[in-house]
Amino acid sequence: MTELARQAAAALARTPPALRATPSPTTRPRVLVFAVRYHYIGAAVEIVLSHALRLHGARIDVVLCDQLMPACDHRSIDNDTVEACQACAGDAAALFSAAGLPVYQLSKFFDSARLPALRAHVANLSPEALLDTNYLGVKVGGIAYASTLRYFLCGRLTDETQRAKQREFLATAMMMAEVSQALLTELQPEAVLVSHGIYVTWGVMAEYARQQGARVTVYGYGYRRNSLLISQGETYHHDLLVEPASRWRDRPLTDAQREQIETYLRSRVNGGLDWITYSPDPDVDRETIARTLALDPNKLTLGLFTNLSW
């Protein structure tokens, strides 16, 4: 049992019995927490939100992967091992069980004898067909492509090894569409909570559930420490692109609020107030940077900073 699982069990043991009581099966709304994998921050968020919703009268169903997925977004080219898969499934099951939440396994909703047929279907598809595949109303081709880029940490697929992994992700995405169909048919949740909202592991469920009329809430980690991004109906990756500036552009700020914002913006140099950072110890000396990049001090210098290519 992981340390987080021990803490969850200890917290549950200290909880008064009245607060631990599980609502009757007929209680509504029914919320599906599509946790799937183990991640120490994500699992903690999902456990807290699950119990908060339960205390507000919802019936909670947690779904975890029990090593069913042939390809998933918990593994990457640097960490694609059987041991990683076993650890993820085992740690997730132990943690959510210790937290006193009802858990379903993915394998309950998929006949593994179907997988060879799905693999055979994608085996001879052209690169264009791989990308354009739609299954059970879900654009699984694009979702599988995004997962493949993320797996290889690259911006395009250039060789047959990468194409083979794309086919494996596509077969898995089709499998997850069938899982989503079976899950929603049996459990009939009014709402679905899922992280990311994209990629094979989460995106297929999010898209299928939206099409079936379930309320989909997507969460992710903000860069700023102890912050979450929460969007309704779609991934926050897209939601943030279309947020109207009117929500915040003309908001009056107190001196304290302005100082708080400016302090945080200054901290972005090294991510000192973040819990996600890619440059914890940057070189900020202007002369060193100019010398390293061979910049001409007599010319105007413009910096273009790209997003992640995948």
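Rings of Phe, Tyr and Trp (its six-membered ring) pair if their centres lie within 6.5 Å, with planes under 30 degrees apart counted as stacked, over 60 as edge-to-face and the rest as tilted.

Before the details, a word on the source. This is a predicted model, in which local features need pLDDT of at least 70 and side-chain atom pairs count only at pLDDT 80 or more, while totals for chains, interfaces and linings use all residues. Residues are numbered from 1 along each chain as its sequence is written, and side-chain values use heavy atoms, with hydrogens and water left out.

A search of the whole structure gives 5 aromatic pairs. The ring centres of tyrosine 151 and phenylalanine 152 are 4.8 Å apart with planes at 80 degrees, so this pair is edge-to-face. For tyrosine 151 and phenylalanine 169 the centres are 6.1 Å apart and the planes at 70 degrees, so that pair is edge-to-face too. It links distant parts of the chain, with tyrosine 151 in helix H7 and phenylalanine 169 in helix H8, 18 residues apart. Helices (H or I, at least four residues) and strands (E, at least two) are DSSP runs, numbered from the N terminus. Both tyrosine 151 and phenylalanine 169 are buried; buried means under 20% relative accessible area, exposed over 50%, and partly exposed in between, with a 1.4 Å probe and protein chains only.

I turn to helix H8 itself. H8 has 28 residues and reaches 40 Å from its first C-alpha to its last, close to the 40 Å expected at 1.5 Å a residue; the expected span is 1.5 Å times one less than the number of residues. At its start, a side-chain oxygen of aspartate 159 comes to within 3.1 Å of the backbone nitrogen of threonine 161. Just after H8, glutamine 188 takes a positive phi of about 50 degrees.

Next, the nonpolar cores. A nonpolar core is a set of buried Ala, Val, Leu, Ile, Met, Phe, Trp, Tyr and Cys residues joined through side-chain atoms within 4.5 Å. The largest has 55 residues, of which Phe34, Met69, Leu106 and Leu183 touch the most other members. H8 gives the largest share of this core, 12 residues. A second, separate core of 25 residues includes Ala8, Ile41, Ile60 and Val62. Leucine 106 has among its contacts (heavy atoms within 4.5 Å) Phe34, Cys65, Met69 and Met176.

What of the cysteines? The whole structure has 0 disulfides, a disulfide being a pair of cysteine sulfur atoms within 2.5 Å. For cysteine 65, the nearest cysteine sulfur is that of cysteine 85, 6.0 Å away. Cysteine 65 is buried at 12% relative accessibility, and cysteine 85 is buried at 15%.

Serine 231 lies in strand S6 (residues 228–232) and is buried, with a relative accessible area of 3%. Its side chain makes a polar contact of 3.0 Å with that of aspartate 239. A polar contact is a pair of N or O atoms within 3.5 Å; within protein, one must be able to donate a hydrogen and the other to accept it, and residues adjacent in sequence count only if both atoms are side-chain atoms.

Finally, two loop residues. Leucine 136, in the loop between helix H6 (127–132) and H7, has a positive phi of about 55 degrees although it is not a glycine. Asparagine 226, in the loop between S5 and S6, has a phi near 60 degrees and is exposed at 65% relative accessibility.

How values were computed
Lists of a residue's contacts leave out its neighbours within four places in sequence.
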